[in-house]
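Subject: The model, and what I found in it

Hi there,

Here is the structure I promised to pass on.

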Amino acid sequence: MIIAADSQWMARALQLAERGLYTTSPNPRVGCVLVKDGAVVGEGWHERAGESHAEVHALHAAGEAARGATAYVTLEPCSHYGRTPPCADALIEAGVARVVAAVQDPNPQVAGNGLARLRAAGIETDSGLMEDTVRELNIGFFARMTRGLPWVRSKIAMSLDARTALANGESKWITGKAARQDVQHWRARSCVVLTGIGTVLADDPQLNVRSIEGASQPLRAVVDNQLRLPPDARLLQQPGVVIYTASEDAQKIVALEAAGARVVVLPGTDGQVNVAAALGDLADQGCNEVLVEAGTKLNGSLLQAGLVDELVLYVAPQFLGDMARGIARLGEFTSLEQRIELEWKDIRQVGCDLRIIARVKKG
């Protein structure tokens, strides 16, 4: 049974989990606090994939004081052997008396088995405390585990009249320095930054994380229907690039693979890449969150296919005019039933610009 004091300690576990925001992928961000006689005896968080989980860090910190303690953990303790042994077994061996988990693990290999194993060992368990907050922190992990696709977040910098560049392609810089720095945090928490070949040819971007200490570098993915990406693109100067294409040009594939890229041929219709299959491939690679930084064509394709979950819009206080480029190429809607509806999640000022986070309504 959940009691009032449980909220305090779960809130602390959540604070610890947030420390893994930029480093835990493909694993979830998890924190754990061990409490005995009203005082913390050990705490920890999952720092990097392949390393000890939050519960193990907390148990090591507590030592013998863990016996008889209550463990507050933001995600159900794992019950299977992965890169590390089961955390449920570690808690049992340590002799904890009670485990409070915020939410059941959506991983089919766990999915209630961790809590069941604890109860079978005589340990009291509770769950559901701060569940929504933990789901938000691990929104990509839950998406990948429950639907086989990552959480897709499209970042767009635009003017007040919803334009992203002048007709000639000039776009540096529509938004201010503070907004551009804010984007680095979205990149840092993402497993992959996805773009289109048009953006690469126009800007020759690196799409890496800069000025975020300790952050892992995301995978960079390019939708390139006809393999126009040059092997000397700046994108390829760092490892971790995947190219999705509809072309089977062996010579181009060999050249790009020699430059360090992984090339995946996923033809869809009309010579275009099957973007849904591309996202499925990213999920298979363990990608939880995808940040789209692309132009009107790829943004339009993803929105039309219902593959965008969230928009992060940076709105600059300026107008760029009717001939400037828009947000997404969606074609003509002839009925309001075709509209793509959004739900506002957060609106705030970042430097001189507004940042709007909106979720795409599904169903």
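This is a predicted model: local features need pLDDT of at least 70, side-chain atom pairs count only at pLDDT 80 or more; totals for chains, interfaces and linings use all residues.

Residues are numbered from 1 along each chain as its sequence is written, and side-chain values use heavy atoms, with hydrogens and water left out.

Let's start with the cores. A nonpolar core here is a set of buried Ala, Val, Leu, Ile, Met, Phe, Trp, Tyr and Cys residues joined through side-chain atoms within 4.5 Å; buried means under 20% relative accessible area, exposed over 50%, and partly exposed in between (1.4 Å probe, protein chains only). The largest one has 37 residues, and those touching the most other members include Met10, Leu34 and Val96. Helix H1 (residues 4–18) gives the most to this core, with six residues. (Helices, H or I with at least four residues, and strands, E with at least two, are DSSP runs numbered from the N terminus.) Apart from this core lies another, of 31 residues, with Ala278, Val290, Leu307 and Val360 among them.

Next, the sheet. Nine strands form an open, mixed sheet in the order E10-E9-E8-E7-E11-E6-E12-E14-E13, where two strands pair if DSSP finds at least two bridges between them. Strands E10 (261–265) and E13 (342–350) stand at the edges with a single partner strand each, so one side of each has no neighbour in the sheet. Strands E7 (residues 192–196) and E11 (residues 289–292) run parallel and are joined by three bridges; valine 193 has leucine 291 in E11 as its bridge partner.

Serine 154 sits in strand E6 and is buried, at a relative accessible area of 1%. Its contacts (heavy atoms within 4.5 Å), not counting residues up to four places away in sequence, are Val292, Asn299, Val308, Glu310, Leu311 and Val312. Leucine 160, in the loop between E6 and H7, is exposed, with a relative accessible area of 53%. With residues up to four places away in sequence again left out, leucine 160 touches Val315, Ala316, Gln318 and Phe319. The C-alpha atoms of leucine 160 and glycine 321 are separated by 9.9 Å, although these residues are 161 apart along the chain.

Best wishes
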